[in-house]
Every structure is written in structure tokens, then in C-alpha cells.
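Some labels used for a protein model rest on cut-offs. The questions below ask what stands behind each label.

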Amino acid sequence: MSTTAAQVTATPVTATPVRRTVWKHGVAAAAAASVVTTALAAIASAAGVSFADESGASIPILGFTQLTFVFSLIGVGLAAVLARKARRPRSTFVRTTLALTALSVVPDATFGFDVASALTLMTLHVVAAAVVIPILAGRLARG
């Protein structure tokens with residue numbers, strides 16, 4: 001009776017930490033936030049919100065797209081840096097971005113916009129943050 005030995009090939013296993021990249025998800029979140037804020041700004045504009053400051057200069061609708069995307073990408077960069085450098089990347093990111101969001105509404109209140117424009121701009125800042133921050137925070141390690 002002949003027995004055939006099964007040949008097992010061992011594959012070396014290396015312990016590699018799971019690296020949660022934020023870039024792909026961050027760029028997608030930035031694009032989504034840009035679309036949402038632009039759509040809401042267009043709706044507000046159609047409803048009569050002027051987005052004009054005291055000089056009469058009005059923010060163009062595509063300005064919402066561009067600025068939301070650029071500042072969201074800055075948030076993505078911040079998340080990427082904190083993912084590598086912070087002891088608790090997620091909580092540090094959330095605290096930092098919530099503080100920055102709060103600061104971002106200050107110009108809306110101080111640059112001479114009418115009340116409807118200022119409140120709409122502030123709301124758009126919060127909406128963009130509500131889209132981007134949770135997505136990026138979810139990609140960061142807790143600690």
C-alpha cells in the first residue's frame with residue numbers, strides 16, 4: 001500500500017500594518033461636498049439669496065465648487081499628516097476640523113453680507129464639513 005504525501009508549500013507571512021489611506025476617499029468626499037454645496041448655493045440663489053458683500057460683488061456659483069473642493073483637499077492633507085504623525089489621529093482630526101469649521105464662518109459674519117447670505121454661507125460651511133469630516137475620520141485610526 002503506497003501512500004502519497006501531500007506536498008504543502010508554505011508562503012511566508014509578513015505582518016504588515018493595515019494602512020488606511022485617506023486620499024482616495026478624501027478626494028471623493030471633497031468632490032461630493034463640492035457638488036452638494038454648489039447645488040444648495042444655486043437653490044439659495046434662485047430663492048433670492050444674493051451672496052453679495054457690501055461692495056456689491058457677488059460670489060459666483062462655481063466659486064462654491066472651487067472653494068469647497070480646495071479647502072476639502074486641505075482637510076484631506078491634514079488627515080494624511082495626522083494619520084502618520086498623531087498619537088490619536090481620528091480624535092485629533094475631528095477636534096481640529098470642527099474648530100476650523102467654526103472659524104470658517106467668521107468671515108461670513110464680518111465681511112458685510114446681508115443676513116440671508118451670511119446664514120446661507122455659514123450653513124454651506126457646516127454642510128461641507130458634515131460631508132467630509134465623517135468620511136475622513138472613518139479612515140483614521142482611533143489611537
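Q: What share of the contacts in the protein chain with a separation of 6 or more comes from residues 24 or more positions apart?
A: In this predicted model, such residues account for 75% of those contacts.

Q: What makes up the pattern of the protein chain, read along the sequence?
A: The pattern is α-α-α-α-α, with five helices and zero strands. Buried residues are 30% of the 143 residues in the chain.

Q: Why is α2 called roughly antiparallel to α3?
A: The axes of α2 (residues 61–85) and α3 (residues 89–104) cross at roughly 150 degrees. Angles over 145 degrees count as roughly antiparallel, and therefore α2 is roughly antiparallel to α3. The two axes come within 9 Å, and the crossing is right-handed.

Q: Which residues of α2 and α3 meet?
A: On the α2 side they are G75, L78, A79, L82 and A83, and on the α3 side P89, T92, F93, T96, T97 and L100. By class, this contact of α2 with α3 has seven nonpolar, four polar and no charged residues.

Q: How do you know that α3 and α5 are roughly antiparallel?
A: Their axes cross at roughly 170 degrees and come within 10 Å. The cut-off for roughly antiparallel is an angle over 145 degrees, so α3 and α5 are roughly antiparallel to each other.

Q: Which residues of α3 meet α5?
A: R90, F93, V94, T97, L98, T101 and S104 of α3 meet H125, V126, A129, I133, L136, A137 and G138 of α5. The contact of α3 with α5 divides into eight nonpolar residues, five polar and one charged.

Q: What describes the crossing of α2 and α5?
A: The axes of α2 and α5 come within 11 Å and cross at roughly 35 degrees. The crossing is right-handed. F64, T68, S72, G75, V76 and A79 of α2 make the contact with L121, L124, A128, V132 and L136 of α5. Its residues are eight nonpolar, three polar and no charged.

Q: Which members of the largest nonpolar core touch the most other members?
A: Of the 16 residues in this core, they are V22, A33, A79, F93, V132, L136 and L140. At least two residues of this core come from each of α1 (23–46), α2 and α5 (115–138). The most come from α5, which gives seven residues.

Q: What is F93 in contact with, leaving aside its neighbours within four places in sequence?
A: F93 is in contact with G75, L78, A79, L82, I133, L136, A137 and L140. A second, separate core of nine residues includes V49, F51, L121 and L124.

Q: Why is F51 called buried?
A: The relative accessible area of F51 is 1%. Buried means under 20%, so F51 is buried.

Q: Where is F51 found, and what is its phi?
A: F51 is found in the loop between α1 and α2. Its phi is positive, about 55 degrees, although F51 is not a glycine.

Definitions and conventions:
Residues are numbered from 1 along each chain as its sequence is written. This is a predicted model: local features need pLDDT of at least 70, side-chain atom pairs count only at pLDDT 80 or more; totals for chains, interfaces and linings use all residues. Side-chain values use heavy atoms; hydrogens and water are left out. Axes are lines fitted to C-alpha atoms, for helices over the stretch in contact, and angles run from 0 to 180 degrees between N-to-C directions. Helices (H or I, at least four residues) and strands (E, at least two) are DSSP runs, numbered from the N terminus. Angles under 35 degrees count as roughly parallel, over 145 as roughly antiparallel, 65 to 115 as roughly perpendicular and the rest as oblique. A crossing is left-handed if the near helix is turned anticlockwise from the far one by less than a right angle, and right-handed if clockwise. Contact means heavy atoms within 4.5 Å. Ala, Val, Leu, Ile, Met, Phe, Trp, Tyr, Cys and Pro count as nonpolar, Asp, Glu, Lys and Arg as charged, and the others, Gly among them, as polar. A nonpolar core is a set of buried Ala, Val, Leu, Ile, Met, Phe, Trp, Tyr and Cys residues joined through side-chain atoms within 4.5 Å. Buried means under 20% relative accessible area, exposed over 50%, partly exposed in between (1.4 Å probe, protein chains only).
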